[in-house]
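I opened my notebook beside the viewer today and jotted down each thing as I looked it up. Here is the model I had on screen.

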Amino acid sequence: MHDVIIIGAGPAGLSAAIKCREWDLNVVVIDEFPQPGGRLLGQLHQEPNGEWWNGIKETDALLQQATDLNTDIRCGVSAHHIEKTNNGYIIHTNEGILESQKLLIATGAAESAAPVPGWTLPGVMSIGAAQVMTNVHRVRVGQKGIIVGVNVLSAAIARELQLAGIDLHSMMLPIKSSVTAEHAHPKKVMDGLVRIAHLAPSAFLRFGSTFAKMNWIRHLAVQFYPRGGVKMWGMPIHVRKAVKEIHGTEHVEAVTVCRVTPDGEEIQGTEERVDVDFVCIAGGLYPLTELAAVAGCPFQYVESLGGHVPVHNDRMETPLDGLYVAGNITGIESAKVARAQGEVAGLSIAKSVMDAVELIEHGIDNAIANVLETRKAASIQFHPDIHEGRAKVAEAFVEHTQTQ
Amino acid sequence: MDKMIICRCEEVTLGDIKDTAEQYDATAREIKLRTRAGMGYCGGRTCRPAVDKVLEDITGEKPGDQIPLKVQPPVRPVTLATLGGRTNDT
């Protein structure tokens, strides 16, 4: 029986493990990927202040600390079920069963698909897959591609592909259907872009500020959006063009694109064929909660956090005794926030295993304050919905614990 | 558009889901059970948000705090040997 099992060796899981090891807890970290780091591994972008954020370096720094503390990190280990017992948790993995007193689920996020006809052809991939192939495996995803889905994640990764010398035709919306919903709606996409422009690298910031923050200016911007797109790093971004279909026999060969109205309806007679050999679909991220769900944790639906998130408090405790969560499973935010949340979770766990140590309590307060500061620093232009979303989850935690 | 596959593992198209919803006036759960959308190899990890959106669009069911299509273990593909308690089986 271990003191704690941590599922996920990304920024949240690793920083939590470091805190637990600093208090000499018996910790095992598992991750289904062959190497630790999680989605941090793929990240490479320029911050608004001009500094580069290199996920591989950030991972190395965390791993160094974890290794110095003799942390047991097991990669290629995948959990498929969790059972709660009277005194802890049983974690079923492909390498057998692990048992622990406390459990931290830091499984991060998964990508939502924004399907367009032809999306099952080889050569179509999610934007995150293109990122991992490029930055982690160093595999060229194709000769020339197009990005379907205009959002902060796809813009950041498009830049990474460009830096790797991959030719991108443009970035545009998916065609409107009952699946693509808000991703296919130019006005909503523009609202989203401007609202999150501050989270993105500097060129994106300039893109966002071009369209100002006032609602009527954004509407005008969508109405009179330049037909040639707005260029970012030399690549056209279109919010009034959509990919209608992906073609190919064995593999992607081309896409059909068309112009769309400000509400995302196709403008007839504007079809155009673009030759590409790969397509990246960017439908955004959602918290990867399967394991929390099978463990029996209650959920809250919060749109600004990316969907269903496990109910938890600011100490990263869930209503289930001994179950903790940290990172993107609690809501889609930056890796820095995930790392800060991991520290809180690690300290909360340490405190509960070690039986109320004053020093840890002080550390938890500081770590919680650090999460809030990190979140605030990421939101230079203030993102009201994230804060409201977090508050909603905190309220749900109080309700759940009161009814127990 | 109706020929577009939504659930890749079980090869369920947008048309299959729409037709099932209309024919049986079905709930989200019933559509899942009738079409097998989201019940394949990946456990719905790839198509879950897409299936949820289609169902929301068709049935008008807004997401509540419960996860719409219940998550069942195993949440990853595992071998029978693993389920039977044997590991390192070659």
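My entries follow, beginning with the ground rules.

**Ground rules.** I am working with a predicted model, where local features need pLDDT of at least 70, side-chain atom pairs count only at pLDDT 80 or more, and totals for chains, interfaces and linings use all residues. Residues are numbered from 1 along each chain as its sequence is written, while chains are lettered from A and ligands numbered from 1 in the order in which they are written.

**Domains of chain A.** I looked up the domain assignment, whose bounds come from an automatic or database source. For chain A I found domain 1 (2–110 + 285–403) and domain 2 (113–281). Taken over C-alpha atoms, the centres of these two domains of chain A are separated by 31 Å.

**A helix pair.** Next I turned to H1(A) (residues 11–22) and H2(A) (residues 55–68), which pack at an angle of about 25° with axes 9 Å apart. Helices here are DSSP runs (H or I, at least four residues) and strands likewise (E, at least two), numbered from the N terminus. Axes are lines fitted to C-alpha atoms, for helices over the stretch in contact, and angles run from 0 to 180 degrees between N-to-C directions. The angle makes H1(A) roughly parallel to H2(A), a label for angles under 35 degrees. I noted that H1(A) contributes Pro11(A), Leu14(A), Ser15(A), Ala17(A), Ile18(A) and Arg21(A), and that these meet Leu62(A), Leu63(A), Gln65(A) and Ala66(A) of H2(A). Contact means C-beta atoms, placed from the backbone, within 7 Å. By class, I noted seven nonpolar, two polar and one charged residue in this contact. Nonpolar covers Ala, Val, Leu, Ile, Met, Phe, Trp, Tyr, Cys and Pro, charged covers Asp, Glu, Lys and Arg, and polar takes the others, Gly among them.

**Where A meets B.** How many residues of chain A are in contact with chain B? I found 25, facing 29 residues of chain B. On the chain A side, strand S6 (79–85), helix H8 (290–295) and strand S19 (299–302) each supply at least two residues. H8(A) gives the most, with four. That side has twelve nonpolar, eleven polar and two charged residues.

**Chain B.** I see four helices and two strands in chain B, in the order β-β-α-α-α-α along the sequence. The C-alpha trace of chain B spans about 45 × 30 × 20 Å along its principal axes.

**One residue.** Last, I checked Asp191(A), which lies in helix H5 (residues 186–196) of chain A. Asp191(A) is 46 residues from Gly145(A) in sequence and 26 Å from it in space, C-alpha to C-alpha.

Definitions and conventions. Contact = placed C-beta atoms within 7 Å. Parallel < 35°, antiparallel > 145°, perpendicular 65-115°, else oblique.
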